[in-house]
Amino acid sequence: MSYTIIGTGSALPARRVTNVELSDFLDTSDEWIRTRTGIRERRICTAESLDDLAEEASLRALASAGIGPKDLDLIVCSTTTADHLMPAEACAVAERLGASCPAFDVSAACSGFVFALDVADGYLERGRAQRALVLSAEKCSRIMDWTDRSTCVLFGDAAAAVVVSAGGASPLWTRLRTIPNVAALDVPGVDGASPLASAPAAAAPSVLSMKGRSVYRFAVTEVSRELRDMEDETGIALADIDHFVLHQANERIIEAVCTHLGLERSRVAVNLATTGNVSSACIPLALDGMSRAGELAPGETVALVGFGAGLDVASTLVRWEAGPS
Ligand code: UT7
């Protein structure tokens with residue numbers, strides 16, 4: 001077992017966008033969005049860059065951990081909506097912080113935080129790093145088709161991070177899975193204008209398309225499977241796990257998993273009402289909120305399950321030992 005989470009931090013754009021505001025330019029309603037998803041509003045970048053949010057979340061996580069940027073041996077950022085195609089978002093953060101450790105990104109869409117945490121775990125376990133910043137930074141608003149009411153109402157922008165330190169009781173379990181299905185949730189890349197291309201550059205815009213119902217079914221089935229397998233393989237009964245932080249795509253998905261597994265809602269984090277789905281930032285954003293609200297006590301267990309484009313599903317069980325200073 002290789003790490004302890006010693007700090008958390010997050011940052012949101014200033015601009016709140018309510019469901020009613022979306023209905024000014026889309027054929028939708030507050031009632032539809034609230035009852036079908038649980039989302040009431042989301043934060044959308046207007047003046048802020050993703051670099052700004054990522055820097056702010058990182059500084060808060062470092063302050064909460066009581067360490068400075070020079071104490072970091074590694075920065076791993078999960079993102080699929082970075083400000084730069086290159087360098088990595090993590091490099092922009094390193095530059096802003098004045099850190100000089102290795103910094104790179106992990107691309108695993110909404111499951112990205114759990115993938116990034118597992119990458120950091122590997123570095124710590126192998127003795128290649130003592131302290132790592134694991135960050136998720138997502139500006140989903142830049143990949144939305146703002147004329148598609150079935151997707152753009154669901155997402156928001158945010159960054160959130162944890163600092164992990166070598167040694168400790170986490171993780172108690174980790175599993176990453178990919179069940180390939182690109183068309184289920186896809187953002188095509190930008191083709192450019194190479195004169196050597198055999199066909200004219202594809203006209204498909206670089207915006208998100210999603211088969212909502214099949215992703216919904218995938219999520220309920222696979223998140224439930226993850227938690228059942230976590231229980232079987234660790235020998236820790238779901239009844240004895242203190243908190244569940246699932247990817248915040250839709251409150252109905254979370255409710256369906258709770259019903260399936262008999263989990264009381266009081267142990268399951270739900271924070272999407274005011275932020276929407278912020279992709280890989282959902283899980284660390286919830287952790288930071290819970291930690292700062294004093295809802296996580298030392299020694300408690302927290303199950304984290306991400307799912308999304310890939311299709312990926314990623315889960316880990318951590319023992320909480322941190323608390324913001
Ligand atoms: O981060 C991981 C990725 N995202 C997800 O995990 C999302 C997973 N999927 C979902 O959460 C749900 O499938 C959605 C929220 C996307 C859609 O909810 P749904 O209950 O599955 O609705 P639906 O797609 O079956 O659509 C039902 C109706 C349709 O109208 P008709 O064909 O019945 O006339 C849609 O056109 O709702 C319509 N609709 C809307 N109406 C008002 C779709 N979006 C909207 C909207 N406002 N924003």
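Select helix α7, residues 251-261, and colour its buried residues: I253, I254, V257, C258 and L261. Here buried means under 20% relative accessible area, exposed over 50% and partly exposed in between, using a 1.4 Å probe and protein chains only. Those residues cover an arc of only 135° around the axis, so they sit on the same side of α7. The arc is taken from the directions pointing from the helix axis to the C-beta atoms.

A word on the model: it is predicted, so local features need pLDDT of at least 70 and side-chain atom pairs count only at pLDDT 80 or more, while totals for chains, interfaces and linings use all residues. Numbering runs from 1 along each chain as its sequence is written, and side-chain values use heavy atoms, with hydrogens and water left out.

Next, show α6 (212-234), β11 (243-246) and β12 (301-308), which the buried residues of α7 pack against; contact means heavy atoms within 4.5 Å. At the N-terminal end, N250 is the cap, with a side-chain oxygen 2.8 Å from the backbone nitrogen of R252. After α7 comes G262, with a positive phi near 70°.

Now jump to α3, residues 50-65: 16 residues reaching 22 Å from first C-alpha to last, close to the 22 Å expected at 1.5 Å a residue. Its buried residues include L50, L53, A57, A61 and A65. Looking down the axis of α3, the buried residues fall within an arc of 160°, so they line one face of the helix. Their packing partners include β1 (3-11), α4 (89-97) and α8 (282-292). S49 caps the N-terminal end of α3, placing a side-chain oxygen 3.4 Å from the backbone nitrogen of D51.

Then pick T79, in the loop between β4 (74-78) and α4. T79 is buried, at 7% relative accessible area. Its side chain reaches the backbone oxygen of A137 at 2.6 Å and the backbone nitrogen of A82 at 3.4 Å. Beyond its neighbours within four places in sequence, T79 touches residues including L50, E89, D105 and S280.

Last stop: which residues line the largest cavity? Select Y3, V114, L117, D118, D121, P171, T174 and T316. Helix α5 (residues 112-125) supplies the largest share of that lining, four residues. A cavity here is a set of points on a 1 Å grid over the protein atoms alone where a 1.4 Å probe fits but cannot get out, and lining residues have an atom within 4 Å of a point.

Technical notes
Helix = DSSP H or I, 4+ residues; strand = E, 2+ residues; numbered from the N terminus. Expected span 1.5 Å × (residues − 1). Polar contact = N/O pair within 3.5 Å; in protein donor to acceptor, adjacent residues only side chain to side chain. 1 Å grid on protein atoms, 1.4 Å probe; cavity = no way out; pocket = protein on both sides within 12 Å on 5 of 7 lines; lining within 4 Å.
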